[in-house]
Amino acid sequence: MSFKHQIIIVGGGNAGISVAAKLLKKNSALDIAIIEPSEKHYYQPAWTLVGGGTFNIEDTRRDESSVIPSKARWIKDAVSSFEPDQNRLTTKEGNTYTYDYLVVAPGIQLNWHLVKGLPETLGKNNVTSNYSFDLAPYTFESIKAMKPGMTALFTSPSTTLKCGGAPQKITYLAADYYRKHDLIGKIKVEFCTAGKVIFGIKKYAVQLQKVVDKLQVQMNYRHDLIAVDGPNKMATFKLTDENGTITEVTKHFDMLHVTPPQSAPDFIAKSPLANDKGWVEVDKYTLQHTRYKNIFGLGDATSTPNGKTGAAVRKQSPVLIQNLLSFMNNKELKAKYNGYSSCPIVVGYGKLILAEFDYDNTPKETFPFDQSKPRWSMWILKKYILPWLYWNKILKGSM
Ligand SMILES: Cc1cc2nc3c(=O)[nH]c(=O)nc-3n(C[C@H](O)[C@H](O)[C@H](O)COP(=O)(O)OP(=O)(O)OC[C@H]3O[C@@H](n4cnc5c(N)ncnc54)[C@H](O)[C@@H]3O)c2cc1C
């Protein structure tokens with residue numbers, strides 16, 4: 001079957017729904033269809049708190065039907081290929097859709113299978129991940145299962161990832177849990193990251209180092225997880241030293257929290273919309289596709305070199321909408337996205353550093369105080385205010 005819509009949005013996640021809702025607020029006569037395969041919509045930022053045992057997993061999930069704007073059509077299907085020269089795409093169910101304008105927002109792909117042995121042991125043997133709705137509650141179970149003399153490992157991959165701070169946040173929550181239960185120093189907490197520094201912006205790095213010292217977290221840099229043996233509780237890392245020499249190191253664990261390698265979705269990477277790394281190739285300021293002018297993109301799937309977060313989506317969506325509407329009216333594209341992203345780094349129960357920055361890694365803080373200091377007020381923002389704003393304002397197009 002073949003169908004036509006004025007605007008098609010690929011992906012009904014944070015970005016797709018925000019854009020649809022905002023566009024319809026500006027002009028309710030627009031003919032918008034959202035192609036989204038999932039029955040459920042997730043508020044992923046709270047999975048960190050679920051893993052720390054301080055947020056109800058069920059409050060992070062709602063029916064997709066409840067977040068689709070009433071004036072948009074939901075096509076419950078997945079896009080499989082694009083023919084942008086014909087303004088056409090095809091779905092898994094074999095239908096074709098043509099459009100005047102396309103917004104591409106299918107998020108990032110989690111590549112669990114790229115770590116040998118990982119898929120078989122996830123959810124067992126205290127191997128877990130906050131990057132999955134199903135596993136986030138098991139993270140807290142695993143944290144609680146640790147006893148004196150045991151080792152908890154937390155990993156961060158070498159690939160681009162969504163919410164680059166999330167691997168650290170759960171490390172600090174676990175370490176703080178042990179501090180609160182008089183187990184600090186008795187349970188070994190290690191952060192194994194493929195990265196070379198604690199955080200890319202000095203202002204926040206200095207404060208995070210203090211957290212690491214206080215909570216006695218051992219930092220293992222240049223460690224990229226490549227294999228897991230769940231039953232024998234062994235994790236193997238590729239280690240690249242300062243001269244580029246590669247070796248392998250295997251560590252014993254009693255608990256392993258994995259942040260999986262991530263990439264652009266395969267169906268994007270193999271499409272004409274992709275750049276050479278597989279991401280939807282858009283201008284980093286206007287969010288318009290660099291080759292197909294009636295296509296725009298935002299969120300985790302695009303080539304823009306910002307931190308991939310919902311906070312970035314919040315700043316990208318008004319830019320995309322203004323530019324899309326200008327393009328539809330043959331006007332110049334004037335709105336510009338400055339690369340803003342934010343990382344609310346939970347550094348313990350009731351403590352949060354709110355890092356905010358742009359393309360140049362220049363801090364762009366919202367509040368009139370030093371946000372690099374751990375604060376209870378910012379924890380309240382993360383735990384209560386942001387989830388409420390997400391469901392009630394951001395997805396409704398009023399923020
Ligand atoms: C553990 C964790 C902690 C995080 N913490 C924070 C935080 O503190 N602050 C913050 O701002 N952000 C955080 N994030 C990141 C944030 O959730 C994402 O950056 C945000 O959801 C990106 O929005 P998106 O719409 O691009 O992708 P998503 O919200 O992931 O949505 C993508 C949608 O596309 C759909 N889709 C996939 N394939 C297809 C297809 N073939 N056809 C059609 N649709 C498709 C998917 O089903 C999905 O609904 C966190 C994420 C995780 C996992």
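The following legends describe close-up views of a predicted model.

**View 1. Division of the chain into two domains.** Domain 1 (2-108 + 264-338) and domain 2 (110-259) make up the division of the chain. Taken over C-alpha atoms, the centres of domain 1 and domain 2 are separated by 31 Å.

**View 2. Contacts between domain 1 and domain 2.** In this view, 15 residues of domain 1 are in contact with 14 residues of domain 2. Helix 2 supplies four residues to the side of domain 1 that touches domain 2, the largest share of that side. Classified by residue type, the side of domain 1 that touches domain 2 comprises five nonpolar, seven polar and three charged residues.

View 3. The ligand has 37 residues around it, of which Gly-11, Gly-13, Ala-15, Gly-107 and Gly-299 come nearest. Two or more residues of the shell are given by each of helix 1 (14-26), helix 2 (47-51), helix 8 (310-328) and strand 20 (341-348). By class, 19 residues of the shell are nonpolar, 14 are polar and four are charged. Because domain 1 and domain 2 both give residues to this shell, the ligand lies between them.

**View 4. Pairing of strand 14 with strand 15.** Strand 14 and strand 15 (residues 234-240) run antiparallel and are joined by six bridges. Asp-224 has Lys-238 of strand 15 as its bridge partner.

Technical notes
Residues numbered from 1 in each chain as written. Predicted model: local features only at pLDDT ≥ 70, side-chain atom pairs only at ≥ 80, totals over all residues. Pairing = 2+ DSSP bridges. Near = placed C-beta within 6 Å. Nonpolar A, V, L, I, M, F, W, Y, C, P; charged D, E, K, R; others polar. Domains from an automatic or database assignment. Contact = placed C-beta atoms within 7 Å.
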